[in-house]
Amino acid sequence: MSIEYDNNTRIFTLHTNNSTYQMQADSFGYLLHLYYGRRANGFANWELTYADRGFSASPYDAGNDRTYSLDVLPQEFPSQGTGDYRNTMLEVRDSEGVYGCDLRYDGYEIRDGKYSLNGLPAVYANHNEEAQTLIITLKNERLNLSVKLLYGVLPDKDIITRSVIIKNEGTKKITVMKLCSACLDFTHGSFDLITFHGHHMMERQFDRQEVHHGSSLIGSRRGMSSHQYNPFLILADHDTTEKSGRCWGMQFVYSGGFEAGAELDQFNQTRVFMGLSQEKFAYELEADEEIIGPEVIMTFSNEGFGKLSQNYHECIRENIRRGKFRDAERPIVLNTWEALYFDFNGKKIMEVAREAKELGIDMLVIDDGWFMNRNDDCRALGDWTVDESKLGCSLGELANMINELGLKAGLWVEPEMISEDSRLYREHPDWAMIIPNEKPTLGRNQLVLDLSRNDVREYIFNVISSILEQANIEYLKWDYNRSINEAFSHETDNGKTMYDYMLGLYEILERINSCYPNVLIEGCAGGGGRFDAGMLYYTPRIWCSDNTDAIDRLKIHYGTSFGYPASVLSAHVSVCPNHQTGRITPLKTRYIAAMSGAFGYELNPSFLSADEKQEVISQIEQYKQNSKIINEGLYYRLSAPDCETFCAWEYISRDGSKILLNVITLLNHGNMSQIYVTPKGLTPGAFYRDIESEKIYAADILMDSGFPLKMPTRDFEGYIFRFERIQ
């Protein structure tokens with residue numbers, strides 16, 4: 001059993017193969033956090049100490065015992081108004097405007113299988129034996145408020161998930177003002193907080209800072225998980241590296257606004273937490289209504305960041321992604337955006353398609369500009385009427401012509417948006433999220449549709465269905481190109497709008513996936529603005545960044561790899577000079593950078609030379625040979641993000657028999673030091689053969705000393721090494 005309960009101590013123990021998590025309902029009914037770390041036997045309650053801390057309030061039940069204070073004790077779900085002045089997980093306001101909610105233990109349930117969340121994405125179990133669920137109920141009698149803490153345990157993956165359901169069981173309205181889904185309390189220790197910041201075209205940049213007194217916060221107020229901060233963090237000991245040391249991860253399965261962080265309190269205790277953004281949030285619960293806190297995926301590693309990342313990779317690959325495309329081989333796509341932008345017609349599309357077929361491409365994706373009045377990004381979003389005069393035929397006929405070449409057809413859409421200059425806006429101005437009697441803010445000359453409304457959701461589903469019914473479209477690039485600023489709805493209570501918007505998006509995506517299971521959806525939000533586990537539940541791959549520059553992508557891919565597997569990361573080879581940076585890099589280098597996941601091209605093949613076309617043909621053949629190890633193998637980072645000389649990473653088959661190792665050198669300098677690359681994860685005591693050079697290496701020596709790289713002769717050289725175990 002992965003979940004145990006001791007009736008005498010009221011201690012709950014959650015075990016995975018390599019970790020243990022413990023909590024206790026104490027004599028006052030408070031649920032205290034005891035331990036989360038390496039696999040252990042016995043109870044961890046010896047860690048808790050009690051002392052009169054002065055100015056740390058005590059619950060009334062404690063009487064004259066001033067040594068008991070929730071301002072000091074580690075807790076599972078701390079709420080505002082109990083004497084805990086640290087970051088709490090829950091704030092509620094009653095119908096009289098009074099804040100405060102004292103939650104006490106009311107019971108538990110243990111069951112086989114993994115819980116699911118109504119209307120929200122969550123980790124799932126492939127069979128009941130793979131997981132167990134613990135539900136702990138807390139209650140507040142004054143408010144008639146019920147809080148269910150949900151824990152899912154996947155022992156073989158070293159994953160523990162957390163979620164929470166807040167329900168008003170009384171007759172008077174209650175407003176939830178703050179809701180976090182999970183926190184971890186550490187009574188001692190000194191830690192680093194690792195987060196992944198960025199901006200449009202430079203997402204998920206690795207950042208490691210010591211946790212100091214006060215709160216270190218990340219989050220998004222933009223209505224999406226954002227380019228600026230990814231909803232993922234790691235807490236680690238100062239000496240934790242890729243290969244050794246303790247680290248704890250928290251990843252939010254949610255695509256909207258969030259907040260997360262770490263707090264070091266007055267007594268050098270650390271609390272890390274993750275939940276919904278408080279910005280524009282005041283969720284009213286009428287009698288019998290509830291709100292669900294999105295899931296947090298937690299994992300612990302005592303073997304450094306590499307193992308923590310591998311835990312997340314396997315969980316997302318096998319327990320977040322779903323459907324036909326979860327394990328299917330990814331089609332190699334050519335997207336027309338950087339090839340043609342808006343300047344195309346049906347003839348140009350077919351010219352690109354014929355060239356793509358000759359190169360070995362599997363799918364042609366027609367990007368923006370295929371619908372009426374859409375010759376720039378200032379108009380027509382929301383109408384989605386095929387421009388047959390531009391295409392020279394119907395969309396169905398164009399898709400059939402692409403299919404006849406032996407290619408699949410894909411299409412770009414941005415269904416959540418509306419242009420002021422559109423038929424839809426003129427007919428339904430109230431569908432846009434605009435504050436009445438004020439001029440709206442514009443992002444890319446567009447507004448956001450109010451997905452909290454049922455009529456808007458129905459319209460979006462119907463218009464996408466119409467597109468899919470009229471043509472053999474097997475791929476949708478689902479884009480989202482501005483943040484939400486005016487969180488105003490003509491129908492939904494405005495404290496609920498941002499949360500209900502995300503529920504609306506998930507509902508639409510679930511319907512499309514259900515009705516069109518053979519259509520692959522790629523998530524996109526100006527590239528990586530909504531790169532999160534929530535979207536991956538519905539879209540099994542995400543366009544990693546609008547920045548296609550190979551060298552910038554190295555850092556983007558590096559940060560992304562900490563929480564997400566290569567198989568969900570969409571990356572393309574683009575032209576040079578690069579359209580975002582102007583940088584010139586070798587075609588091989590661009591290929592090596594882009595092959596780190598769902599691989600494709602973002603260029604016009606007619607502009608390639610004969611030699612370049614032959615190189616692309618070879619690249620595609622090589623990628624298909626290696627796609628299984630890239631998408632299913634164990635991933636290792638072999639260089640640090642601040643390395644000035646090279647970037648290296650490795651994929652290894654699960655049985656350790658095959659290795660794919662990629663290296664890209666950075667700026668070249670005169671009389672440089674020798675570069676050595678050190679693989680990881682090889683079978684100790686075994687020998688490996690370099691498939692290209694036929695050289696034989698001892699695994700232990702490779703992992704300890706590495707092998708020398710051929711000295712680069714220019715900037716941005718790329719190298720691919722393939723090894724196979726011979727004994």
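This is a predicted model: local features need pLDDT of at least 70, side-chain atom pairs count only at pLDDT 80 or more; totals for chains, interfaces and linings use all residues.
**Cavities, a pocket and a buried strand**

The lining of the largest cavity divides into six nonpolar, six polar and three charged residues.

Now the second largest cavity. About 110 Å³ of space lies in it. It is lined by 14 residues, and Tyr30, Leu31, Gln75, Phe77 and Leu103 are the closest to its centre. By class, that lining has eight nonpolar, four polar and two charged residues. How many cavities of 30 Å³ or more does the structure hold? There are six.

Next, the open space. The largest pocket holds about 430 Å³. Among its 26 lining residues, His200, Arg444, Asn481, Gly526 and Asp546 sit closest to the centre. The classes here are eight nonpolar, eight polar and 10 charged residues. As for how such spaces are found, rolling a probe the size of a water molecule over the atoms shows where empty space is left.

On to strand β29, residues 598-602. Why is this strand described as largely enclosed by the rest of the structure? Because five of its five residues are buried, and buried here means under 20% relative accessible area. In a regular strand the side chains alternate between the two faces of the sheet. In β29, Ala598, Gly600 and Glu602 point one way, while Phe599 and Tyr601 point the other way, and all of them are buried.

What does β29 pair with? One partner is strand β20, residues 333-335, in the parallel sense over two bridges. Within that stretch, Val333 has Gly600 of β29 as its bridge partner. Another partner is strand β28, residues 569-574, also in the parallel sense, over five bridges. There, the bridge partner of Val573 is Tyr601. Between β28 and β29 the chain passes through helix α11, residues 587-594, and this β-α-β crossover is right-handed.

Last, helix α1, residues 304-319. From its first C-alpha to its last, this helix of 16 residues reaches 23 Å, close to the 22 Å expected at 1.5 Å a residue. Is α1 mostly covered or mostly open? Mostly covered, with 13 of its 16 residues buried.

Methods
Residues are numbered from 1 along each chain as its sequence is written. Side-chain values use heavy atoms; hydrogens and water are left out. Buried means under 20% relative accessible area, exposed over 50%, partly exposed in between (1.4 Å probe, protein chains only). Helices (H or I, at least four residues) and strands (E, at least two) are DSSP runs, numbered from the N terminus. Two strands pair if DSSP finds at least two bridges between them. A crossover is right-handed if, with the strands pointing away from the viewer, the path from the first strand over the helix to the second runs clockwise. On a 1 Å grid over the protein atoms alone, a cavity is a set of points where a 1.4 Å probe fits but cannot get out, and a pocket is an open set with protein on both sides within 12 Å along at least five of seven lines; lining residues have an atom within 4 Å of a point. Grid points are joined across faces, edges and corners, and a volume is the space filled by probe spheres set on the points. Ala, Val, Leu, Ile, Met, Phe, Trp, Tyr, Cys and Pro count as nonpolar, Asp, Glu, Lys and Arg as charged, and the others, Gly among them, as polar. The expected span of a helix is 1.5 Å times one less than its number of residues.
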